[in-house]
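User: Please take me through this structure, with the cut-offs behind each term you use.

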Amino acid sequence: MPPITEVEGRRLALRNLDKVIHPATGTTKGELLHYLAATADALLPHLYGRPLAFLRYPDGPDGEKFFTKNPPPGTPGWVKTAEVRRHEGRTARQVLVADLPTLMWVANLVVEFHVPMWRVDQGHGLADRLVFDLDPGAPATIVQCCEVAGWLRRRLERDGLRVYAKTSGSKGLHLLAPLRPTESARATAYAKRLAVEAERAMPELALHRMKRALRPGKVFVDFSQNAAAKTTAAPYTPRAQPMPTVSTPVTWEEIADCDSPERLSFRIEDIPARLDRYGDLLGPLLDPAAGHELPPD
């Protein structure tokens, strides 16, 4: 029988805690769960009210990986879910991680947490965050992403938006700006305009088109994750990478000083000390009063 753990009054069967998920470091499933429990105060507010999608990797990053939005079989009755519109007017339920027991239950499945830019209590597709996913094409790295990020920050600030950053936990950077509730289609159109501007300003470095043949050596400025149906890796989520890396909030000073990919690569063991030092660098995203209007189209 798996060990039964009680978390805030909920009984959870946590299985295979000694299973190695990241062979490169020997990181076990139990260590991943411990990380999530230790950082829950920072992570949970970024998940509240957002219907989640999960990338599951129960046998580690080299095993089978699959993306799902549906509650998995055996979902406990106490786990909150929300009805979400899908394609062609259909709806389906998705999990809401509202508390520590739900976080631990989901973490037991070994997942990445992916969130939309809107909350169910504001209405489907009303974005309260703007996002850019800066994805480098080799031989470009996060170092080049930092250069593009600086340009986008200055451009967004000209329009009155405050910008915050985190590593993707993989190769690139995510930029986020708090919005007053805005139709996702409008947020996407605005983000696309700025991605096009970035390519025009830095044609040797930035790219707004996804075409693979154009990607080597450039930074793809992905604006599409602002769409209501899309999701982005949540702050503080572990990633299905060889090392147990984390999508980690970073300062603009760290971005300006980045001269090698290693400087902006953080693992689960690095996050508690960063939270002690900086607190939640993305905390302003959680303040409804911090949201800005987009400029007129």
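**Burial, salt bridges, helix and sheet**

User: At what relative accessibility does Glu199 count as buried?

Analyst: Glu199 counts as buried, a class that means under 20% relative accessible area, whereas exposed means over 50% and partly exposed lies in between (1.4 Å probe, protein chains only). This is a predicted model, in which local features need pLDDT of at least 70 and side-chain atom pairs count only at pLDDT 80 or more, while totals for chains, interfaces and linings use all residues. Residues are numbered from 1 along each chain as its sequence is written, and side-chain values use heavy atoms, with hydrogens and water left out. For Glu199 the relative accessibility is 15%.

User: Which residue forms a salt bridge with Glu199?

Analyst: A salt bridge is a side-chain nitrogen of Lys or Arg within 4 Å of a carboxyl oxygen of Asp or Glu, and here the closest N and O atoms are 2.8 Å apart. Glu199 lies in helix H5 (residues 184-201) and its partner in the loop between E13 and E14, so the pair ties together parts that are ten residues apart in sequence. Helices (H or I, at least four residues) and strands (E, at least two) are DSSP runs, numbered from the N terminus. The partner, partly exposed with a relative accessible area of 39%, is Arg209.

User: How many residues apart in sequence are the parts that Arg180 and Glu293 tie together?

Analyst: Arg180 forms a salt bridge with Glu293, the closest N and O atoms being 3.7 Å apart. Arg180 lies in strand E12 (residues 173-183) and Glu293 in the segment after H7, so the parts that they tie together are separated in sequence by 113 residues.

User: Where do the buried residues of helix H1 fall, seen down its axis?

Analyst: In H1 (residues 29-38), the buried residues are Lys29, Leu32, Leu33, Tyr35 and Leu36. Seen down the axis, they fall within an arc of 155 degrees (taken from the directions from the helix axis to the C-beta atoms), so they line one face of the helix. The face turned away carries the exposed residues His34 and Ala38. The buried residues of H1 therefore fall within an arc of 155 degrees.

User: Which are the edge strands of the six-stranded sheet?

Analyst: The six strands form an open sheet with mixed pairing, in the order E13-E14-E10-E12-E11-E16. Two strands pair if DSSP finds at least two bridges between them, and each edge strand pairs on one side only. Those edge strands are E13 (206-207) and E16 (249-250).
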